[in-house]
Amino acid sequence: MRKIYLILATIGLFSINSCSVYNFTGTGKIDAKTFQVNYFQNNAEIVQPGIERTFTLRLQDLIQNQTNLNLISSGGDLLYEGEIVDFRITPMTATADIKAAQNRVTIAVNLRYSNKNKDTDDFEKRYSFFYDYPASSQLIGRELDNALEEIFERITQDIFNDTLAKW
């Protein structure tokens, strides 16, 4: 009976010890203590007021909530900067009388990421996502809020995965 307890204790210790390699955010080991998110300027041809501020805050919040990194205003170990490069609305489906039945809003963000502690991680990449909505409604108010919520959630998560989770 004593050998069974010893075997179970050994298995338990190895199980607990192996948990230090993985964390619940999936980031692994981050070789930084601070991060900086510069203001993402809106350089799209069609300017939707306020989306640049919303995007910048969403990216900051996501990184703060899923890591133990500290947000600072300058000199961060990790630097996120870029601009919103596209905001467009296009018809997606048509009705029998050749009118739009559904529209799609697409937002694209150009990101420049740099890691002060590991230059090989630096990159520049364009991220985009879309939101479909009925053509009978306008992209204002609650519909705009829903679109920005879905688009920014996807883009910021993709940025997080590429820069910190390394997926």
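1. Basis. Because the model is predicted, local features need pLDDT of at least 70 and side-chain atom pairs count only at pLDDT 80 or more, while totals for chains, interfaces and linings use all residues. Residues are numbered from 1 along each chain as its sequence is written, and side-chain values use heavy atoms, with hydrogens and water left out.

2. Helix H3. Helices (DSSP runs of H or I, at least four residues) and strands (E, at least two) are numbered from the N terminus. H3 covers residues 141-165, 25 residues in total, and spans 34 Å from its first C-alpha to its last. That is close to the 36 Å expected at 1.5 Å a residue, where the expected span is 1.5 Å times one less than the number of residues. After H3 comes Lys166, which has a positive phi, near 60°.

3. The core. A nonpolar core is a set of buried Ala, Val, Leu, Ile, Met, Phe, Trp, Tyr and Cys residues joined through side-chain atoms within 4.5 Å. The largest one here has 36 residues, and Phe55, Ile63, Leu78 and Tyr80 have the most contacts inside it. At least two residues each come from S1 (34-37), H2 (51-66), S4 (78-94), S5 (100-115), S6 (123-134) and H3. The greatest share is from H3, with ten residues.

4. Phe55. Leaving aside residues up to four places away in sequence, Phe55 touches Phe40, Ile84, Val109, Phe152, Ile155, Thr156 and Ile159 (contact: heavy atoms within 4.5 Å). Phe55 counts as buried because its relative accessibility is 0% (buried is under 20% relative accessible area, exposed over 50%, partly exposed in between, with a 1.4 Å probe and protein chains only).

5. Aromatic pairs. Rings of Phe, Tyr and Trp (its six-membered ring) pair if their centres lie within 6.5 Å; planes under 30 degrees apart are stacked, over 60 edge-to-face, and the rest tilted. The whole structure has five such pairs. Phe40 and Phe55 are edge-to-face, because their planes stand at 75°, with centres 5.0 Å apart. Phe40 lies in the loop between S1 and S2 (41-42) and Phe55 in H2, 15 residues apart. Tyr80 and Tyr113 form a tilted pair, 5.1 Å centre to centre with 55° between the planes. Tyr80 is in S4 and Tyr113 in S5, 33 residues apart. Ring pairs also join Phe40, Phe55 and Phe152 into a cluster.

6. A charge over a ring. The charged end of Arg104 sits over the ring of Phe130, 3.7 Å from its centre (NZ of Lys or CZ of Arg within 6 Å of the ring centre and within 35 degrees of the ring normal).
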